[in-house]
Amino acid sequence: MTPIESIYEIKSAVIDLQKYLCSKDRVVSKRAQILYEKWVDRFFRENKSFIKPEQRFSCLHDPVCFLSLMESAIEYYDLN
């Protein structure tokens, strides 16, 4: 799998998880948060060559920030 394909896979999963992250059911939102953190960790592990580790904290708490960072990564790979 290419880096861009991996990013698209992560992006799709995060978009699907967004509705569950804000669920009123604590069990559902907690499970969604655990899955979301796994996707964030995978993204940072696979793209450590140009992503700053300090950005991870922001991404863990803000899915919009994470989606924006993934868009930047896609642009990076498109240019290289």
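This is a predicted model: local features need pLDDT of at least 70, side-chain atom pairs count only at pLDDT 80 or more; totals for chains, interfaces and linings use all residues.

Modeller: A residue is called buried when its relative accessible area is under 20%, exposed when that area is over 50%, and partly exposed in between, using a 1.4 Å probe and protein chains only. Residues are numbered from 1 along each chain as its sequence is written, and side-chain values use heavy atoms, with hydrogens and water left out.

Helices here are DSSP runs (H or I, at least four residues), as strands are (E, at least two), and both are numbered from the N terminus. Contact means heavy atoms within 4.5 Å. Leaving aside its neighbours within four places in sequence, Ser6 touches Met1, Arg42 and Glu46 in this sense.

Two packed helices are described by the angle between their axes and the distance between the axes. The axes are lines fitted to C-alpha atoms, for helices over the stretch in contact, and the angles run from 0 to 180 degrees between N-to-C directions. Angles under 35 degrees count as roughly parallel, over 145 as roughly antiparallel, 65 to 115 as roughly perpendicular and the rest as oblique. A crossing is left-handed if the near helix is turned anticlockwise from the far one by less than a right angle, and right-handed if clockwise. For the make-up of a contact, Ala, Val, Leu, Ile, Met, Phe, Trp, Tyr, Cys and Pro count as nonpolar, Asp, Glu, Lys and Arg as charged, and the others, Gly among them, as polar.

With these terms in hand, consider H1 and H2, whose axes come within 9 Å and cross at roughly 160°. That angle makes H1 roughly antiparallel to H2, and their crossing is left-handed. On the H1 side the contact includes Ser6, Ile7, Ile10, Ala13 and Leu17, while on the H2 side it includes Ala32, Leu35, Tyr36, Arg42 and Glu46. By class, the residues of this contact divide into 13 nonpolar, three polar and three charged.

H1 (residues 3–21) also packs against H4 (residues 63–79), at an angle of about 165° and with the axes 10 Å apart. H1 and H4 are therefore roughly antiparallel to each other, and H1 passes H4 in a left-handed crossing. Among the residues that make this contact are Pro3, Ile4, Ile7, Val14 and Leu21 of H1, together with Pro63, Phe66, Met70, Ile74 and Tyr77 of H4. Here the division is 15 nonpolar, one polar and three charged. Pro3, which lies in H1, is partly exposed at 41% relative accessibility.

The next pair is H2 (residues 26–46) and H4, whose axes come within 12 Å and cross at roughly 30°. That makes H2 roughly parallel to H4, and the crossing of H2 and H4 is left-handed. In this contact Tyr36, Trp39, Val40, Phe43, Phe44 and Glu46 of H2 meet Pro63, Phe66, Leu69, Met70, Ala73 and Tyr77 of H4. The classes here are 11 nonpolar, no polar and one charged.

Some of these residues also take part in aromatic pairs, for which the rings of Phe, Tyr and Trp (its six-membered ring) must have centres within 6.5 Å, with planes under 30 degrees apart called stacked, over 60 edge-to-face and the rest tilted. Tyr36, Phe43, Phe44 and Phe66 form one aromatic cluster, and the structure holds six aromatic pairs. The rings of Phe43 and Phe44 have centres 5.6 Å apart and planes at 85°, so this pair is edge-to-face. Another edge-to-face pair is that of Tyr76 and Tyr77, because their ring centres are 5.3 Å apart and their planes stand at 75°. Phe43 is buried at 0% relative accessibility, and Phe44 is buried at 10%, whereas Tyr76 is partly exposed with a relative accessible area of 35%.

Finally, Leu60 lies in helix H3 (residues 55–61) and is buried, with a relative accessible area of 10%. Apart from neighbours within four places in sequence, Leu60 is in contact with Gln33, Tyr36, Glu37 and Val40.
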